[in-house]
Amino acid sequence: MYFKKSNSIAVIAAITASVLSQQISQDPGTGGVSIEVVHLYSDEYPQGIAVSSTGRMFSNYARSLDPNNIAYTVAELTGNNTETPYPSVAINSPPGGAINYTTNPATGANYENYLIGVQSVVIDPLDRLWILDTGRAAMPNGTNVYASVGGPKLIGVNLSNNTMFKTIVFPPNVVYPDSYINDIRFDLRPNVTASGHGVGYITDSSQEGRNGIIVVDLGTGKSWRHLDGTSYVHPETGFLPVIWGNTVYSLPNGPTMPISQSTFGADGIALSADGATLYFSAVGSRYLYSVPTARLLDDSLTSELMATQAVVSHGQKGISDGLETDTNGFIYGGNQEDNSIIFFNPANGTVNVFARDPRMSWTDTLSVASDGYIYFTENQLWRTTMFYPGTDRRIKPYVLFRAKLPGNGTKVNLS
């Protein structure tokens with residue numbers, strides 16, 4: 001028995017049509033809660049976001065990540081797409097600029113009363129704004145100069161009158177010239193330190209490898225380092241992210257340096273809701289770690305040994321930049337390779353998707369506000385010349401999003 005040629009063609013065509021009509025499974029591209037646009041950044045290049053109890057919003061614009069961040073390094077968001085230098089234009093304008101070219105090689109300016117290159121802005125439990133200044137800035141060719149004493153500092157601002165009430169300058173044996181102090185979390189409970197004014201925990205994410213956790217007594221201004229140079233705060237050897245289908249290599253310290261894989265160390269940082277545990281992660285790693293804050297608050301002779309031995313690994317959670325906590329006790333972080341934000345649940349050790357959206361690629365900073373939302377910046381860091389030598393692939397505007405927290409979650413109040 002045989003089919004005529006015309007019949008055979010008809011059968012094949014029918015089979016092909018049937019196959020093509022079948023719906024092929026595909027990635028939906030979204031998941032979890034929905035996200036909404038809050039602010040569009042069309043001027044300078046943003047990183048951090050801080051939201052006060054009254055809804056005031058502040059961002060920082062690191063001069064080390066973009067030499068075009070000249071007009072201001074901290075600003076208040078004054079409209080849907082406008083920003084105003086904060087606390088003032090003058091404080092954002094160090095005399096002679098953020099770089100001191102009279103030294104050889106050039107260094108970051110050493111002004112204690114001016115902002116040099118701010119990497120983080122955070123609202124504490126008392127609704128005060130803290131500004132974390134790296135003291136570093138990039139030259140026009142992209143080279144990130146080292147800091148000078150007076151540049152790296154922590155500044156507290158009273159939002160009721162927009163004045164600086166506290167300046168803590170870090171000594172060079174705590175924040176090294178090649179350090180890159182990145183983010184900070186606060187515990188203001190009076191019993192945490194002898195001074196009674198609370199403590200700040202800071203990550204040092206330096207690409208030069210001087211990674212660690214810095215602790216600062218907000219009352220005395222004394223600061224010290226822990227987990228210094230340990231594998232927990234370093235990027236993983238051979239770490240290579242893939243974002244939006246692109247392998248992302250790193251170009252640290254300017255265009256004359258060789259291309260390598262990601263060299264960002266400890267960056268994201270979050271306190272547990274009870275203040276007993278500090279969570280942290282390196283950008284050049286997919287792992288989440290924690291350490292008891294009691295070990296970090298100890299500055300005795302054997303405290304570094306005790307801190308290192310107390311570190312706990314919670315496994316992989318994807319590539320994150322910033323981390324954040326809410327009153328549910330969840331630890332939130334971006335997952336850059338999945339266009340999402342995840343949350344780690346310490347109660348059962350699981351990692352779950354919180355929000356996923358194709359508009360997300362590099363969630364830089366997350367900030368939980370008292371309005372029950374988590375705010376986060378998307379700034380396309382992986383598209384900068386740091387990763388693509390000689391080519392800036394960023395596309396403005398950069399975006400501030402927010403999403404509603406689960407279970408009536410809100411800002412943690414350790415005060």
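## Strands E9 and E10

Valine 122 stands opposite tryptophan 130 in E10. Strand E9 (118-123) is joined to strand E10 (residues 129-133) by 5 bridges, and the two run antiparallel. Strands (E, at least two residues) are DSSP runs, numbered from the N terminus, and two of them pair if DSSP finds at least two bridges between them.

This is a predicted model, in which local features need pLDDT of at least 70 and side-chain atom pairs count only at pLDDT 80 or more, while totals for chains, interfaces and linings use all residues. Residues are numbered from 1 along each chain as its sequence is written, and side-chain values use heavy atoms, with hydrogens and water left out.

## The four-stranded sheet

E9 and E10 belong to an open sheet of 4 strands, ordered E9-E10-E11-E12 with antiparallel pairing. E9 and strand E12 (163-169) are the edges; each has a single partner strand, so one side of each is left without a neighbour in the sheet. From one strand to the next, the twist averages 20 degrees (axes are lines fitted to C-alpha atoms, and angles run from 0 to 180 degrees between N-to-C directions).

## Cavities

The structure holds 4 cavities of 30 Å³ or more. A cavity is a set of points, on a 1 Å grid over the protein atoms alone, where a 1.4 Å probe fits but cannot get out; lining residues have an atom within 4 Å of a point. Grid points are joined across faces, edges and corners, and a volume is the space filled by probe spheres set on the points.

The largest cavity has a volume of about 290 Å³. Its lining comprises 23 residues, of which Val122, Ile123, Arg185, Glu324 and Lys411 lie nearest the centre. Elements giving two or more residues to this lining include strand E9, strand E13 (181-187) and strand E27 (363-368). By class, the lining has 13 nonpolar, 5 polar and 5 charged residues (Ala, Val, Leu, Ile, Met, Phe, Trp, Tyr, Cys and Pro count as nonpolar, Asp, Glu, Lys and Arg as charged, and the others as polar). The second largest cavity, of about 80 Å³, is lined by residues including Gln119, Asn182 and Asp364.

## Glycine 219

Glycine 219 lies in the loop between strand E15 (212-217) and strand E16 (223-226). At 24% relative accessibility it counts as partly exposed (between buried, under 20%, and exposed, over 50%, with a 1.4 Å probe and protein chains only). Beyond its neighbours within four places in sequence, glycine 219 is in contact (heavy atoms within 4.5 Å) with Lys166, Ser195, His197 and Gly198.

Notes: 1 Å grid on protein atoms, 1.4 Å probe; cavity = no way out; pocket = protein on both sides within 12 Å on 5 of 7 lines; lining within 4 Å.
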